[in-house]
Amino acid sequence: MIEVSNLVKKYGDHTAVDHLSFQIEKGKIYGFLGPNGAGKSTTMNMITGYIASTEGKVMIDGYDILEEPEAAKKCIGYLPEMPPLYFDMTVLEYMKFAADLKKIPRNQKDKQIKEVMDMVKITDMKDRLIKNLSKGYRQRVGLAQAILGYPEVIILDEPTVGLDPKQIIEIRDLIKGLKQKHTVILSSHILSEVRAVCDYVLIISHGKLVASDTPDNLERLAAGSNSLLMKVKGEKDTIRKALETIEGVTGVEMSYDSDEKLWKTKLSIQENVDIREKVFYAMAKANCPIYEMQVKRVSLEDVFLELTEGEKKSAGKPESSQWKPVEDRSLEEEQTQEEKNGEPEKASDEKEGDQS
Ligand SMILES: Nc1ncnc2c1ncn2[C@@H]1O[C@H](COP(=O)(O)OP(=O)(O)OP(=O)(O)O)[C@@H](O)[C@H]1O
């Protein structure tokens, strides 16, 4: 359906997207996941033909987005990060305007507008000016224009950003419903969103694709680092020896908690092996009572944190997950870069004409 090959976008010296290649198959929801500034919006803007790539190719249903933009764009509905809405139009006026831009045949126009407005539940708001809508409703209107024309692929850039929890749930449900008839690609820096909505995840960091798989497989792949955390009373060597003989244990780390007078013990264990019972009997046999035992499974969050934690580390597997919250990253720094390299891009309203 979509084939992205060796896609590169440079803003001056800064490489925002760095040789990205991936394929999107029909009928699934894909999550494009990465911290702020990872290059998600830039990639989506290139896939949808909003901006040109520096290198590489995007094919949509066999059409090159730059060489045959009209045919390629017919297959795509796009909700950019800043929905291109005209605030002085009513919802219905805007929907008609969007339908005209998409060249929806006259005999289908009213029917489709009604269907789509019903689908995203904005019919009650049809006569309201867009500037008087809440952010959640504006997002629905943006989503509605993306769905109009029933394109095969719907691309949503951070569709729930800035919404309240109730609106987030509603928009997520709407997105899940789209899967029946469309392929959906959504970008997000929110893991729980991707976990809740997507069948397949593409993790991007510093413009590079660092992992792509189903959420379950990503967790399973990283599950080699599953571990069992314990607090045990007894002699260090006795505990260690007893634990090391247990089948499935691949490593034992111990540190003494002098307050509790217990050994804090971390067992590395093989994937899919439950050794709790063996550990219990081994410790009982060694006369070393267990005070606490907890299995620590790798979550998608751990995978994400490991993969996106730093450019230097992203090639290998970092030891820890000292994630710097994305909100803390220096926006100022990015803006300076933007100003420095200053490749002029159109304002969001000007991009309206490109929506198809
Ligand atoms: N027009 C531009 N000029 C210069 N640099 C840009 C421009 N647009 C984006 N960048 C830079 O490219 C990098 C990737 O930005 P992009 O917006 O694609 O990231 P993102 O993953 O979508 O992040 P966010 O979630 O914050 O939108 C950032 O460092 C950003 O500052």
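Modeller: The chain of this predicted model has 12 helices and 14 strands. Buried residues make up 35% of its 356 residues.

Biologist: What share of the contacts between residues at least 6 apart in sequence joins residues at least 24 apart?

Modeller: Among those contacts in the chain, 70% join residues at least 24 apart.

Biologist: Why are helices α3 and α4 called oblique to each other?

Modeller: Helix α3, residues 91-101, and helix α4, residues 106-119, pack at an angle of about 125°. Roughly perpendicular ends at 115 degrees and roughly antiparallel requires over 145. The pair is therefore oblique. The two axes are 10 Å apart, and the crossing is right-handed.

Biologist: Which residues meet where α3 packs on α4?

Modeller: From α3 come M95, K96 and A99, and from α4 come K109, Q112, I113 and M117. By class, this contact has four nonpolar, one polar and two charged residues.

Biologist: Which residues touch the most other members of the largest nonpolar core?

Modeller: They are A144, I155 and V184, in a core of 64 residues. Not counting residues up to four places away in sequence, A144 touches M95, V116, M117, V120 and I122. A second, separate core has 13 residues, including L228, V232, A242 and C288.

Biologist: What makes S212 partly exposed?

Modeller: S212 has 18 other C-beta atoms within 10 Å. A buried residue needs 20 or more, and an exposed one has 12 or fewer. The count for S212 lies between these limits, and S212 is therefore partly exposed.

Biologist: Where is S212 found, and which residues is S212 in contact with, leaving aside neighbours within four places in sequence?

Modeller: S212 belongs to strand β10, residues 208-213. With those neighbours left aside, S212 is in contact with F22, V201, L202 and I203. For S212 and V201, which are 11 residues apart along the chain, the C-alpha atoms are separated by 5.5 Å.

Biologist: Why is S255 called exposed?

Modeller: Within 10 Å, S255 has 9 other C-beta atoms. The limit for an exposed residue is 12 or fewer, so S255 is exposed.

Biologist: In which strand does S255 lie, and what separates its C-alpha atom from that of T265?

Modeller: S255 lies in strand β12, residues 249-257. The C-alpha atoms of S255 and T265 are separated by 6.6 Å, with the two residues 10 apart along the chain.

Terms used
Residues are numbered from 1 along each chain as its sequence is written. This is a predicted model: local features need pLDDT of at least 70, side-chain atom pairs count only at pLDDT 80 or more; totals for chains, interfaces and linings use all residues. A nonpolar core is a set of buried Ala, Val, Leu, Ile, Met, Phe, Trp, Tyr and Cys residues joined through C-beta atoms within 7 Å. Two residues are in contact if their C-beta atoms, placed from the backbone, lie within 7 Å. Axes are lines fitted to C-alpha atoms, for helices over the stretch in contact, and angles run from 0 to 180 degrees between N-to-C directions. Helices (H or I, at least four residues) and strands (E, at least two) are DSSP runs, numbered from the N terminus. Angles under 35 degrees count as roughly parallel, over 145 as roughly antiparallel, 65 to 115 as roughly perpendicular and the rest as oblique. A crossing is left-handed if the near helix is turned anticlockwise from the far one by less than a right angle, and right-handed if clockwise. Ala, Val, Leu, Ile, Met, Phe, Trp, Tyr, Cys and Pro count as nonpolar, Asp, Glu, Lys and Arg as charged, and the others, Gly among them, as polar.
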